[in-house]
Amino acid sequence: MERLRHDDPPRLGPYLTLARLDADSTDGGAVPERRYLARTDDGERTVLLCAPLPDAAAPAAWAVEAELASRLSVPRFLRPASQGSEAGLPWYAVPYTPVLPLPAALAAHGGPLPEDLVRRLGAALAAGLAAAHARGQAHAGVSPAAVLLGAAGPLLGCFGAVRSAAPGGRPGLDPGCLAPELRSGGRPEPLGDVFALGAVLAYAASGHTVPEQSELPPGLRRLLASCLARDPADRPSAPQVLHALSTTGPARTPAPAPAATPAATVLDEQAPPPLPGRVVAALAAQSAELLASELPAAPPARPAPQKVH
């Protein structure tokens, strides 16, 4: 949790904003939207509340992506539960559960995550992307900040961040997650998501979206190098990434593409990957701090106008 700033809205729709979810941008921490922890006036509902950046060139395009995300039912994709607009600023909300953006999780852990955890998180995210790609839908917003870690596993937010960005500008998007074809103005495609997923896993394993090979665990180097290939034709599909991460031992260069819908793996029957103790402690601290937060004092009621006779 981070304190609100002077340019943050005090409320959006029925929700009073209490705190920011994200810290100021750091390496890998650029966020393409504003995210708040918020609560209704009666204190009954707490939500994760999202809105476009203050300098967003096309907030209407952001709202279109939020509407599309609300109609998708894809594993591991953050799904808006309600939407609205306040003074021209669109927003969406999802019920609150303790989550940390991936950069905050690395900060809490004190550095890169263990290779086994990176593999498990990557497999969960690859499964979600594979399901979306099988429907012909690219996420177009995969980045370290888009990954939210919680006790139930990872979620992908910031849906459609590339599509809703103004032409020639990518506010809040980590450049290391943009595939070369997107940097040159191409349309978001599934293999662009795979490039971004490779950058996210490189970040989780090293602390950088564009690390040196020597900074990565040996067991992930070949797979991540293939995900980050400049030519989309040289990248694996999301199901291939899922298969590679689901196997034990050093990652292998993926075999020819399987069917569009990934086959079930042992991960489907397992509990979410266990998080490091310091990350769990940070999630607990966030929950406790939010529970202890007091709602902002309501402004005094305006006196009823007096009739003049």
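Q: How many cavities of 30 Å³ or more does a search of the whole structure find?
A: The search finds three, where a cavity is a set of points, on a 1 Å grid over the protein atoms alone, at which a 1.4 Å probe fits but cannot get out. This is a predicted model, in which local features need pLDDT of at least 70 and side-chain atom pairs count only at pLDDT 80 or more, whereas totals for chains, interfaces and linings use all residues. Residues are numbered from 1 along each chain as its sequence is written, and side-chain values use heavy atoms, with hydrogens and water left out.

Q: What volume does the second largest cavity have, and which residues lie nearest its centre?
A: Its volume is about 110 Å³, a volume being the space filled by probe spheres set on the grid points, which are joined across faces, edges and corners. The lining comprises 15 residues, with V142, V162, C177, L178 and A196 nearest the centre; a lining residue is one with an atom within 4 Å of a point.

Q: What span should α6 have, and what is the distance between its end C-alpha atoms?
A: The expected span is 1.5 Å times one less than the number of residues, so the 17 residues of α6 (residues 190-206) should span 24 Å, and the end C-alpha atoms, being 24 Å apart, agree with this. After the helix comes G207, with a positive phi near 95°.

Q: What makes α6 mostly covered?
A: Of its 17 residues, 15 are buried, which means that their relative accessible area is under 20%, exposed being over 50% and partly exposed in between (1.4 Å probe, protein chains only).

Q: Why is the contact of R20 and D8 called a salt bridge?
A: The term requires a side-chain nitrogen of Lys or Arg within 4 Å of a carboxyl oxygen of Asp or Glu, and the N to O distance of this pair is 2.8 Å, so the contact qualifies. R20 belongs to strand β2 (residues 15-20) and D8 to the segment before β1 (11-12), 12 residues apart, and both R20 and D8 are buried. The search of the whole structure finds nine salt bridges.

Q: Why do D41 and R11 count as partly exposed?
A: D41 has a relative accessibility of 47% and R11 a relative accessible area of 27%, so both values fall between the two cut-offs. Their side chains meet in a salt bridge of 2.9 Å, N to O, which links D41 in the loop between β3 (33-40) and β4 (46-52) to R11 in strand β1, 30 residues apart.

Q: Is E65 buried or exposed?
A: E65 counts as buried, because its relative accessibility is 10%, whereas R163, at 27%, is partly exposed. These two residues form a salt bridge, with the closest N and O atoms 3.0 Å apart, joining helix α1 (residues 59-71) to helix α4 (residues 161-164) across 98 residues.

Q: What makes β8 and β9 a pair?
A: Two strands pair if DSSP finds at least two bridges between them, and β8 (residues 147-150) has four bridges with β9 (residues 153-156), in the antiparallel sense. G150 has G153 as its bridge partner in β9, and the two strands form a hairpin with two residues between them.

Q: Why do β7 and β9 count as edge strands?
A: In the open sheet ordered β7-β8-β9, β7 and β9 each have a single partner strand, so one side of each is left without a neighbour in the sheet. Strand β7 (residues 100-101) is joined to β8 by two antiparallel bridges, with L149 as the partner of L100 and P101 standing opposite L148.

Q: Which residues show that both faces of β8 are covered?
A: V147 and L149 on one side, and L148 and G150 on the other, are all buried. In a regular strand the side chains alternate between the two faces of the sheet.

Definitions and conventions
On a 1 Å grid over the protein atoms alone, a cavity is a set of points where a 1.4 Å probe fits but cannot get out, and a pocket is an open set with protein on both sides within 12 Å along at least five of seven lines; lining residues have an atom within 4 Å of a point.
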